[in-house]
Amino acid sequence: MLRRKRSVSFGGFGWIDKSSIAALKARKQELLNISNVPLGECPPSPPRTAPPTMKSAEFFDMLERMQIPMAEETKPTQRHKDDYIPYPRIEDVLEKGGPYPQVILPQFGGYWIEDAEAPVGTPTSSDSSFCEEDDWEGMSPGGGFGYRLECNSMARAYRKHFLGREHMNYYCTGSSVGNLIMSLKHEEAEAQEFLRIILRSKTKTLHDRISLSGLTQLPSVPQIAKLFCEDATGLKFNPVLYPRGSQLIVSYDEHEVNNTFKFGVIYQKFGQTSEEELFGNNEETPAFAEFLSILGDTIELQDFKGFRGGLDVSHGQTGTQSVYTTFRQREIMFHVSTKLPFTEGDVQQLQRKRHIGNDIVAAVFQEEATPFVPDMIASNFLHAYVLVQADQPCTEHTTYKVSVTAREDVPAFGPPLPNPAVFKKGPEFRDFLLTKLINAENACYKSDKFAKLEGRTRAALLDNLHDELHRQTQATLGLGAAGDEDKLENGGHGGLLESFKEVWSCVVSITSGSVELCCQHPSLINWWCYADLCNFNDRLLLLLLPSTMTTHIALMTPLT
């Protein structure tokens, strides 16, 4: 099991008794009350961003207020900075001299650092719902070096066990736990009979296989549902009689499946302590170029046909080159800071931060030993960093030291760091690094804020799936009209999105860095909008818009 390290080679921040805490707070308040205290004696200033529970709350709370009625709004509980015993500032660490830790915690915490000395166990934390993916389409799940990609196996269970095989689908309307969708399939294995079940609710999907040994009669559908939801009442199921129903169901199940990724790549020189310094780097040293060649291939953006990750492939507005690769049937585009446009006179380098600040995970390359602080870059979306430090670059003996840090509500993810966390240059290091980046992004979606948004998405999509199955079933029986045009075409995610386009009438205009969505249909309530505006990940920007109103969402470029 991965273990989270709460401090890095700074001994004085473990257990502190209450009297010590009170004395520290009293001394801090005393210094704050004296106006003529010399600068050197003043307590360390707060971090560039607020404590982690505060710095992104304002943005996500804005989204939540758009999603729930005003009466349901509750003011989030926030911890005050005085409740923290601050960690050393990066400036203080640099002043003391080397050897330097590769990453240090922000003054007021909020992040964890993976401990390479922890015993190696399962690659995910106990509270993570991700699991190692099964062998899919003949692909070795562990690759050539045994590093396994972590995924939500429930999302592909229907495709693997049901789709294209004899089975039954049912939908339940208005139970005490909301709408339900159930899939049943009879199986025989080793002279025994089994019933494979998938039950979908607004909160989760359950998948199991139960033995029919000793049963003289198959259990009813409501009885099976009771096995999964003991407290559920009002279970009245109807069979799905729509010939394309299985395609709608697999589209719903796989709405979380993502085979395209984009990651930031940041070059950090020795002693750099601010995002302005990081984004101001223009030089690609031989060591950095060597590292980029490990990540993928340098491609020309003009007319590029693969996954572009929000980069401009027509007009050159996001640079001329980038780094791209395919890895285990997944496409990855890297937003390399030195390859994105540099604007003279722009201290913040917004053209660079626009992309990297809206990524979920970033790799930070360090040519020399220098500390990195995860809140150095102000972003609502960056949740995890993989630090890579080169030793003897551009030689036959090149090695890379790796550290990992993430926000405190991101579950641990694999593959675990070896001890020591040092890799020789070669294909194994590349396999480890790309696996770690992909697993990091999947884990970040389980952080508190993203999980809450995705939970609302799930509930809305399930209700839409239920309504569409019911409507099409009624039409198949001649009890209702499906409409002049079948809005749910066969295949993939397009079915749900096509339905979305038919129902919604949205005018999108982008002016002055903001996006205006004009909602003009009463059934907009409880529908999520997946968007790729301002380079957001297509799983990331999930906006629930109330009906009969125009909502202005400030999507400043970049978001801070």
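In what sense do strands E6 and E7 pair, and over how many bridges? That's where I'd like to start, and the answer is antiparallel, over nine bridges. Strand E6 covers residues 178-189, and E7 covers residues 192-200.

A bit of housekeeping. This is a predicted model, where local features need pLDDT of at least 70 and side-chain atom pairs count only at pLDDT 80 or more, while totals for chains, interfaces and linings use all residues. Residues are numbered from 1 along each chain as its sequence is written, and side-chain values use heavy atoms, with hydrogens and water left out.

Strands pair if DSSP finds at least two bridges between them.

Okay, back to E6 and E7. Glu187 stands opposite Phe194 in E7. The hairpin of these strands has two residues between them, and in it Glu190 takes a positive phi near 55 degrees.

On to the next neighbour. E7 also runs antiparallel to strand E8, residues 205-211, with seven bridges joining them. Leu199 has Leu206 in E8 as its bridge partner, and the hairpin from E7 to E8 goes through four residues.

Buried here means under 20% relative accessible area, exposed is over 50%, and partly exposed is in between, using a 1.4 Å probe and protein chains only.

Now, rings with rings. Phe, Tyr and Trp rings (the six-membered one for Trp) pair if their centres lie within 6.5 Å; planes under 30 degrees apart are stacked, over 60 edge-to-face, and the rest tilted. The whole structure has 17 aromatic pairs. One of them is Tyr267 with Phe288, stacked at 5.0 Å centre to centre and 20 degrees between the planes. Tyr267 is in strand E10 and Phe288 in helix H9, 21 residues apart, and the pair links distant parts of the chain. Both are buried.

Why is the pair of Phe423 and Phe432 tilted? Because their planes are at 35 degrees, with the centres 4.5 Å apart. Phe423 is buried at 7% relative accessible area, and Phe432 is buried at 0%.
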